[in-house]
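Here's a quick briefing on how the inside of this protein is put together. Have a look at the model first, then read on.

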Amino acid sequence: MQRLTDLHDLKWGMCRVLNQFSLMFSAVFLVSCASAIPPARIGDYLSSGRHVDGDAFARIDQRPLRAGLVVVSDATEPDAAPNLPEEALARLGESLQRDFGRAIPVAITEVIPADHIRPQPQGDWTQFAELGRQRGLDYLAVVVVSSTEQEYPMTLFLGLTTHAQPGFRRDNWSLLEFALLDLKHNRILMQAEGRGWATLDRPSAPGINQWYPAIYLRPQDERRIWPPTHEGAPNTLRVVSFEQAAKRLVLKLRNSWIGVLEFEAKARKPRL
């Protein structure tokens with residue numbers, strides 16, 4: 001009897017080691033591909049032929065710029081995940097409105113609904129120019145929101161024990177693409193992106209609520225986030241993933257503007 005117990009424990013131990021090895025291999029592969037997942041979407045809204053005129057932003061004397069924020073939720077790609085719920089998308093817009101003003105010299109005066117903004121094969125600048133004209137704004141901050149997901153079977157271990165239960169793992173890769181538009185001179189003043197990655201583990205049957213469902217931040221953060229409901233767990237996953245993308249986007253914008261200020265300071269410094 002003891003031998004059977006030992007064999008059972010050995011079996012589960014081997015399964016767990018193999019499972020962890022598989023996860024490590026998958027993580028390495030996925031991190032290497034993460035820069036292209038999901039694919040960029042902003043080119044279908046703003047022509048890819050328009051280049052960023054970063055020097056123009058630095059030459060504008062009247063700063064901060066008064067701009068409207070347009071958050072475009074894009075789910076037109078075949079592999080796209082569902083859009084964020086309207087309430088969650090609105091909260092994301094409010095957060096970006098606040099954080100952009102802290103990162104770059106832009107004062108977001110309002111969040112403008114993107115109901116009539118549509119993707120086009122070569123982009124369509126005129127729809128943003130018209131939106132700015134209607135609102136009396138010379139500048140718009142545009143953020144295109146997109147994500148993709150993949151779900152696959154997964155063995156879920158309960159706590160630190162050898163007990164396990166079949167379940168599913170869902171990975172969400174999110175992307176926020178930012179562009180600051182100068183509508184008066186038809187140019188892009190600044191462009192950046194932020195990407196996020198989060199994972200949802202859920203059992204295939206109920207009964208282990210103290211452990212699952214659980215959300216992890218990727219690629220290396222093992223802290224657990226507990227969705228408020230089983231049914232709403234996929235939406236919570238998307239919210240968490242986009243929050244990470246937003247943090248990375250804001251950090252990139254802040255660092256970019258710091259680089260501009262440092263360049264200006266060097267240019268003003270008298271040569272000896």
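Leaving aside neighbours within four places in sequence, which residues is Phe100 in contact with? In this predicted model, the list is Leu69, Val106, Ile108, Val143, Phe178, Leu249, Val250 and Leu253. Phe100 also turns up among the residues with the most contacts inside the largest nonpolar core.

**The cores**
- The largest nonpolar core counts 36 residues, and Leu176, Phe178, Leu180 and Leu253 join Phe100 as those with the most contacts inside it.
- Two or more residues each come from helices H2 (54–59), H3 (86–103) and H5 (233–268), and from strands E1 (65–73), E2 (106–112), E3 (139–157), E4 (164–182) and E5 (187–203).
- H5 hands over the largest share of this core, with 9 residues.
- There's also a second, separate core of 19 residues, with Tyr45, Leu131, Val144 and Ala179 among them.

**How H3 meets H5**
- The axes of H3 and H5 lie 10 Å apart, and the two helices pack at an angle of about 20°.
- On the H3 side, the contact is made by Ala88, Leu92, Leu96, Asp99, Phe100, Arg102 and Ala103.
- H5 answers with Val239, Ala246, Leu249, Val250, Leu253, Arg254 and Trp257.
- Sorted by class, this contact has 11 nonpolar and 3 charged residues, with no polar ones.

Key: Residues numbered from 1 in each chain as written. Predicted model: local features only at pLDDT ≥ 70, side-chain atom pairs only at ≥ 80, totals over all residues. Heavy atoms only, no water. Core = buried A, V, L, I, M, F, W, Y, C linked by side-chain atoms within 4.5 Å. Buried < 20%, exposed > 50% of the residue type's maximum accessible area, 1.4 Å probe, protein only. Helix = DSSP H or I, 4+ residues; strand = E, 2+ residues; numbered from the N terminus. Contact = heavy atoms within 4.5 Å. Axes fitted to C-alpha atoms, helices over the stretch in contact; angles between N-to-C directions. Nonpolar A, V, L, I, M, F, W, Y, C, P; charged D, E, K, R; others polar.
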